[in-house]
Amino acid sequence: MKKKNLFLNSGNKGMWFTVDAIFALLLVLVVIMLSYNHLNYSNMPNAAITLDVNDQFIVMDKLNELDSLDIVAIKAELKDKYEYKIEINCESSGLINDSSAIPETKFIFSNEIPFYANENCRLRYWSWLK
Amino acid sequence: MVKIKKGMLLTLGLMLIALELLAFFALMNTKNLDSNDFFIEMYEYNELNTFFSVIEKNSQEIFDLSGMVVNVNQNNVIINSQVPNSNLNYYENEINSYYDFVETNFEYEFGRNNVTHLILEPSSVTSYVRGDNLFIINTNNTKIEFEIEDNITSCNWNTQPGEIKIEVDIKGQSGSCVETKFVDSEYLNNLNINSGDFIIYINESIRVKNNINPINVTATINKNDQKIALGANLTYLALNYNEAITILK
């Protein structure tokens, strides 16, 4: 006759089942924890674009590099790691646009700032990772 | 009976596992939401920072049109301006036009009283040029310097002794008027140069009145860890002195 273990009426099957379940749970938790950082910081590349691109335009404004109103020249000064679309709209010079298409499948960062180039202008820019 | 107990244990075990998983995912979801909130807050902060950086820079660029020059060192703010200043109207039109433009296109409202005034905070020492006069309001320690094309023929002080320090260094083609005085703020002290060609009135404020050709006046205002702002309500333009060196110069 089989000896009863640990005074359990059901034998030790339930215990092994529980131990097995706990190991399975731990495994699931480990996998989830490992992917957690990725889930948690999934916005970080987008955050980096906002900081990086805004900073570039602040610096260009300080150096009066926007005053040329030349979109090609402005884009040439920007970092290569992103793609850009730029639109300048000035009170006297009117709308200056570039023909770059904005992709539909990527995170697009956009912003608009005023600037002074002997006339009042606003600069709108869109940016995305290459 | 044994089978029933087995089943109960199984159900209990599964329920505990399910609860643990639920709690874990709830925790993760909260953290993920926090992360999104952080991203949104950072994005908004960065957008505002960008906006105010360019406004500050553009205002400084337009301020340069006034022909006034502001320098800052460890102890003083040094303001240099023509008196009278023929550039002020153009500057005032341009800065008001710029602020109108920003208000219209960016849904931001400026407090823009006295855009020609340079203000030190928190002392509220204010400097501006109006007509033939350079005003420095609420000051108690200032040096006024200028050079005139003629000779200095007379330099007459009319003062009561007190606590307000005024230092003048006025040079002519020949002769000069260089002196430091402590005067009473309750009395309208004055310095009359060349029989009324230039008069400097001193009490709680200083007024340099020029009655002949335009002159280039330098006012050195003593400061104690104050900030400098352009226009009475443009508080976001308030800069500490180290920043002012790069921004306003």
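Lys171(B) is partly exposed because 14 other C-beta atoms lie within 10 Å; on this scale a residue with 20 or more such atoms, placed from the backbone, is buried, one with 12 or fewer is exposed, and one in between is partly exposed. The model is predicted, and local features need pLDDT of at least 70, side-chain atom pairs count only at pLDDT 80 or more, and totals for chains, interfaces and linings use all residues. Residues are numbered from 1 along each chain as its sequence is written, while chains are lettered from A and ligands numbered from 1 in the order in which they are written.

Lys171(B) belongs to strand S8 (residues 161-171) of chain B. Strands (E, at least two residues) and helices (H or I, at least four) are DSSP runs, numbered from the N terminus. When residues up to four places away in sequence are not counted, Lys171(B) touches Glu147(B) and Ser176(B), contact being defined as C-beta atoms, placed from the backbone, within 7 Å. Between Lys171(B) and Asn46(B) there are 125 residues in sequence and 50 Å in space, C-alpha to C-alpha.

Strand S11 (residues 198-202) of chain B has alternating side chains. S11(B) runs antiparallel to strand S10 (residues 189-193) of chain B, and five bridges join the two; strands count as paired if DSSP finds at least two bridges between them. Ile202(B) in S11(B) is the bridge partner of Asn189(B). Four residues lie between the strands in the hairpin of S10(B) and S11(B), where Asn194(B) takes a positive phi near 50°. S11(B) is also joined by five bridges to strand S12 (residues 206-210) of chain B, again in an antiparallel arrangement. Here the partner of Ile199(B) is Lys209(B) in S12(B), and a hairpin of three residues connects S11(B) to S12(B).

Chain A contains three helices and four strands, in the order α-α-α-β-β-β-β from the N terminus. Of its 130 residues, 15% are buried. Among contacts in chain A between residues at least 6 apart in sequence, 53% join residues at least 24 apart. The four strands form an open sheet with antiparallel pairing, ordered S2-S1-S4-S3. Strand S2 (94-97) and strand S3 (109-116) of chain A are the edge strands, each pairing on one side only. From one strand to the next the twist averages 15°. Strand S1 (residues 82-90) of chain A is joined to S2(A) by four bridges and runs antiparallel to S2(A), with Asn89(A) opposite Leu95(A) in S2(A).

Between the chains, 34 residues of chain B are in contact with 27 residues of chain A. Helix H1 (2-63) and helix H2 (88-106) of chain B each supply at least two residues of the side of chain B that touches chain A, and the largest share, 28 residues, comes from H1(B). That side has 17 nonpolar, 10 polar and seven charged residues, where Ala, Val, Leu, Ile, Met, Phe, Trp, Tyr, Cys and Pro count as nonpolar, Asp, Glu, Lys and Arg as charged, and the others, Gly among them, as polar. H2(B) lies across S3 and strand S4 (120-129) of chain A and runs at about 160° to S3(A). Axes are lines fitted to C-alpha atoms, for helices over the stretch in contact, and angles between N-to-C directions run from 0 to 180 degrees.

Note on methods: Two residues are in contact if their C-beta atoms, placed from the backbone, lie within 7 Å.
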